[in-house]
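Visitor: I would like to learn how to read a protein model. Please take me through some features one by one.

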Amino acid sequence: MDIDAKTLVKKDLKHIWHPCTQMKDHETIPLIAIKSGKGVYLTDFEDNSYIDGVSSWWVNLFGHCNPYINQKIKEQLDTLEHVIFAGFTHAPIVKLSERLCKLSPQGLEKCFYADNGSSAIEVALKMSFQYHQNKGQKRPLFVSLENSYHGETIGALSVGDVKLYKEVFEGILIQTIQSPVPKNQSEEAAKVAADVLEQIFIKNGKEISAFIIEPLVQCAGGMHMYHPLYITLARSLCDKHDIHLIADEIAVGFGRTGSMFACEQAGVSPDFMALSKGLTGGYLPLSVVLTTNKIYDIFYGDYSEQKAFLHSHSYTGNPLACSAANATLDIFENENIIEKNREKIAYIAAKLEKFKNLKNVKEVRQTGMIAAVELSDYDASLRINLKVFTYALEKGVLLRPLGNVVYFMPPFVITCKEIDTMMDVAYEAIVSLNTL
Ligand SMILES: *Cc1c(COP(=O)(O)O)cnc(C)c1O
């Protein structure tokens, strides 16, 4: 049955409440119905194609409808679609867990699964809290970075610091402290920020369960970037005060920062590492928290000791999602993606140069496959992000600036020619703002 885009959008708006959206905006901003996807392109019902410059909210790694991932999911679909994960297991998840433990920073040996990023954060926070509790310590506090984002369930929102999402719910959040994020990518800024963290640990250390960070890039916080030295310093401060380090690699994991995981660049292992988004190549919801045997062992004991971690989600460890994740890891291995991306990273770096000359550009920055162009402080009421979005869309590029930050986080299958189109269109869009 063919349905035209107009009817689809009309029916959508009658019944659907979209995420992160003031729905009234759709009185003036069209909702776009996408018919199909192929590689870096999304195609609408009028057969306009758009380069997916944001990897469909940072999830897609190897293109839409990737033939290899499609095939692997189809094979799994005819074998086992889902099974309860308490008391049962299945082949795709055992294979995936073995591979994740091998790939991740040293010492991460156990995988706990959930089905979205926010839930993974809840798992890490609860595990950390219960670890200390099982050891007879009450540590109700969590520390996170200013400007951080960790998801939108109550616990995840509590450790986040994006006012826009958090402010309304202030009254029902858990107790957290925010420490300054290094103000730029210099080593000096990393040291300054670590000094403040140390003061917080000295003052409140005995009450703090864990310190949570987005390693190297605070994505939702406007692609703010900092030096790996900060993570190294934070690791040693956490060790000194017996505080867990949680690395939220939900957005930056799987090659986005140039290495498989961002923590590698600091040469440290966190106590918990949360993964989601790219985990399934952008196909299906799945998340995982990796942790150490040292932490796992504190939960291990006779049932009557009441030490177990009693947390679960209905769709935990879904076999279809795990097969997509295994296919994604196959592609990393077979096609030597991390190595191959180096060329694209250098290409993007070269293309970023010319943005520096624009008078309404404040700063450009890049970490691996993530690049950002921060514009001058336009007043929020101008909603210049919408202007850039609309301009780029008309030229066949999907960009979704965060406030005054125009960024690029394309699928890794993007070609240099497509990078040209994506970044040239963004450049024109930024130039067009000069007429405001
Ligand atoms: C997207 C994101 C989350 C939340 O993941 P969801 O699947 O959207 O709940 C958490 N942390 C970071 C760093 C993210 O980018």
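Guide: Keep in mind that this is a predicted model. Let us start with a pair of helices. Helix α8 (residues 187-204) packs with helix α9 (residues 229-241) at an angle of about 20 degrees, and their axes are 9 Å apart.

Visitor: Why are α8 and α9 described as roughly parallel?

Guide: Two packed helices are described by the angle between their axes and the distance between the axes. Angles under 35 degrees count as roughly parallel. The angle of α8 and α9 is about 20 degrees, which makes α8 roughly parallel to α9.

Visitor: Is the crossing of α8 and α9 left-handed or right-handed, and which residues make the contact?

Guide: The crossing of α8 and α9 is right-handed. On the α8 side, the contact residues include Ala190, Ala193, Ala194, Leu197 and Phe201. On the α9 side, they include Leu229, Tyr230, Leu233, Ala234 and Leu237.

Visitor: At what angle do helix α4 and helix α11 cross?

Guide: Helix α4 (residues 91-103) and helix α11 (residues 319-334) cross at roughly 40 degrees, and their axes come within 9 Å. α4 and α11 are therefore oblique to each other. Their crossing is left-handed. Among the residues in contact are Ile93, Leu96, Arg99 and Leu100 of α4, together with Cys322, Ala325, Asn326 and Leu329 of α11.

Visitor: Next, charged side chains. How many salt bridges does a search of the whole structure find?

Guide: The search finds 21 salt bridges. One of them joins the side chains of Arg342 and Glu339, at 2.9 Å from N to O. Both residues lie in helix α12, three residues apart, about one turn of the helix. Arg342 counts as partly exposed, at 48% relative accessibility, and Glu339 is partly exposed too, with a relative accessible area of 44%.

Visitor: Are Glu374 and Arg365, which also meet in a salt bridge, buried or exposed?

Guide: Buried means under 20% relative accessible area. Glu374 has 18% relative accessibility, so Glu374 counts as buried. Arg365 is buried as well, with a relative accessible area of 6%. The side chains of Glu374 and Arg365 meet at 2.7 Å, N to O. Both belong to a network of salt bridges that links Lys362, Glu363, Arg365, Glu374 and Asp377.

Visitor: What about the salt bridge of Glu305?

Guide: The side chain of Glu305 meets that of Lys307 at 3.5 Å, N to O. Glu305 counts as partly exposed, at 41% relative accessibility.

Visitor: Which side chain of opposite charge is nearest to Lys344, and how far away is it?

Guide: The nearest one is Glu418, 7.5 Å away. A salt bridge needs a nitrogen and an oxygen within 4 Å. Lys344 has no salt bridge, yet Lys344 is buried. Lys344 lies in helix α12 (residues 337-352). Leaving out residues up to four places away in sequence, Lys344 touches Met369, Phe412, Val413, Ile414 and Ile419.

Visitor: Finally, where does Val217 lie, and what is Val217 in contact with?

Guide: Val217 lies in strand β8 (residues 217-218). Val217 is buried, and its relative accessible area is 0%. Beyond the neighbours within four places in sequence, Val217 is in contact with Met223, His224, Met225, Val252, Thr257, Thr367 and Ile370. Sequence and space can also be set side by side here: Val217 and Ala262 are 45 residues apart in sequence, and their C-alpha atoms are 8.7 Å apart in space.

Key
Residues numbered from 1 in each chain as written. Predicted model: local features only at pLDDT ≥ 70, side-chain atom pairs only at ≥ 80, totals over all residues. Heavy atoms only, no water. Helix = DSSP H or I, 4+ residues; strand = E, 2+ residues; numbered from the N terminus. Buried < 20%, exposed > 50% of the residue type's maximum accessible area, 1.4 Å probe, protein only. Lys, Arg positive; Asp, Glu negative; His and termini not counted. Contact = heavy atoms within 4.5 Å. Axes fitted to C-alpha atoms, helices over the stretch in contact; angles between N-to-C directions. Parallel < 35°, antiparallel > 145°, perpendicular 65-115°, else oblique. Left-handed = near helix turned anticlockwise from the far one by under 90°.
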